[in-house]
Amino acid sequence: MAYRFSRLRDISKRLQDVFKTQTRLATAATAEGAKSKRSMWFALGTLAAGGLATGYLLQPSVNANELELHPPHFPWAHKGAFSSLDHAAIRRGYEVYRQVCAACHSMDQLAYRHLVNVAYTEDEMKAIAAEAQVEDGPDDDGNMFTRPGKLSDHFPKPYPNEQAARAANAGAYPPDLSLITSARHGGEVSNHSWDLEFYLW
């Protein structure tokens, strides 16, 4: 009988130990679950904050205004406070216009006199102007006539009117180049890039 009670006491003690162990394990598991849950929410919060920060930092770089193509920058010699335009370059530029661009483009807001003492002497510019035949008049009989150009004359147009210009260029109207530097984004840099591309093409 005493052996039976002793045996029951041992079994009861072991059961209590097992119950305590299970309770301790369940408590530890609950604590680990809570900790992992906190870790999961912390990770999600960190990812969300990182995503918002990344989107905020990337927002200026994908602005639609920045998607346009900007011309490159060149170290122009005439940009300084005490610098001036390169007169030899102006002379070369006018020669290119005369021999190439003037076949399609007008520059009728400029006169021959504008290049005197800028790219040419007065006598040189008079000789260049005289090569052009300018319509003038009327004369005493009411008729129009042609005469050699003078310094006060504007550069002649390649076409008599817009319709003739479009007919000769597949419907496109070649723009006047008098103020093209002010009209284009990038100014002279844009003109230089376009002229270089045209030359290479």
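## Basis of the values

The model is predicted, and local features need pLDDT of at least 70, side-chain atom pairs count only at pLDDT 80 or more, and totals for chains, interfaces and linings use all residues. Residues are numbered from 1 along each chain as its sequence is written, and side-chain values use heavy atoms, with hydrogens and water left out.

Arginine 147 sits in strand S2, residues 145–148, where helices (H or I, at least four residues) and strands (E, at least two) are DSSP runs numbered from the N terminus. With a relative accessible area of 15%, arginine 147 is buried; buried means under 20% relative accessible area, exposed over 50%, and partly exposed in between, with a 1.4 Å probe and protein chains only.

A salt bridge links arginine 147 to aspartate 136, with 2.6 Å between the closest N and O atoms, the term denoting a side-chain nitrogen of Lys or Arg within 4 Å of a carboxyl oxygen of Asp or Glu. Because arginine 147 lies in strand S2 and aspartate 136 in strand S1, the pair ties together parts that are 11 residues apart in sequence. Aspartate 136 is partly exposed, at 26% relative accessibility. The side chain of arginine 147 also makes a polar contact of 2.9 Å with that of aspartate 153; a polar contact is a pair of N or O atoms within 3.5 Å, and within protein one must be able to donate a hydrogen and the other to accept it, while residues adjacent in sequence count only if both atoms are side-chain atoms. When residues up to four places away in sequence are not counted, arginine 147 touches Ala132, Gln133, Val134, Asp136 and Asp153, contact meaning heavy atoms within 4.5 Å.

## Other salt bridges

Eight salt bridges are present in the structure. One of them joins the side chains of glutamate 131 and arginine 98 at 2.8 Å, N to O. Glutamate 131 belongs to the loop between helix H3 (122–130) and strand S1 (133–136), and arginine 98 to helix H2 (residues 87–99), so this pair ties together parts that are 33 residues apart in sequence. Glutamate 131 is exposed, at 56% relative accessibility, whereas arginine 98 is partly exposed, at 30%.

Glutamate 162 and arginine 166 form a salt bridge through their side chains at 2.9 Å, N to O; they are four residues apart in helix H4 (residues 162–168), a separation of about one helical turn. Glutamate 162 is partly exposed, with a relative accessible area of 33%, and arginine 166 is likewise partly exposed, at 34%. Elsewhere, salt bridges with shared partners connect Glu95, Arg98 and Glu131 in one network.

## Tyrosine 112 and helix H3

Tyrosine 112 is placed in the loop between H2 and H3 and is buried, its relative accessible area being 4%. Its C-alpha atom lies 8.9 Å from that of glycine 149, although the two residues are 37 apart in sequence. Leaving aside neighbours within four places in sequence, the contacts of tyrosine 112 include Tyr94, Met125, Ile128, Ala129, Asp153 and Phe155.

The buried residues of H3 are Met125, Ile128 and Ala129. Viewed down the axis of H3, these buried residues fall within an arc of 100°, so they line one face of the helix, the arc being that of the directions from the helix axis to the C-beta atoms. The cover over the buried residues of H3 includes H2 and S2.
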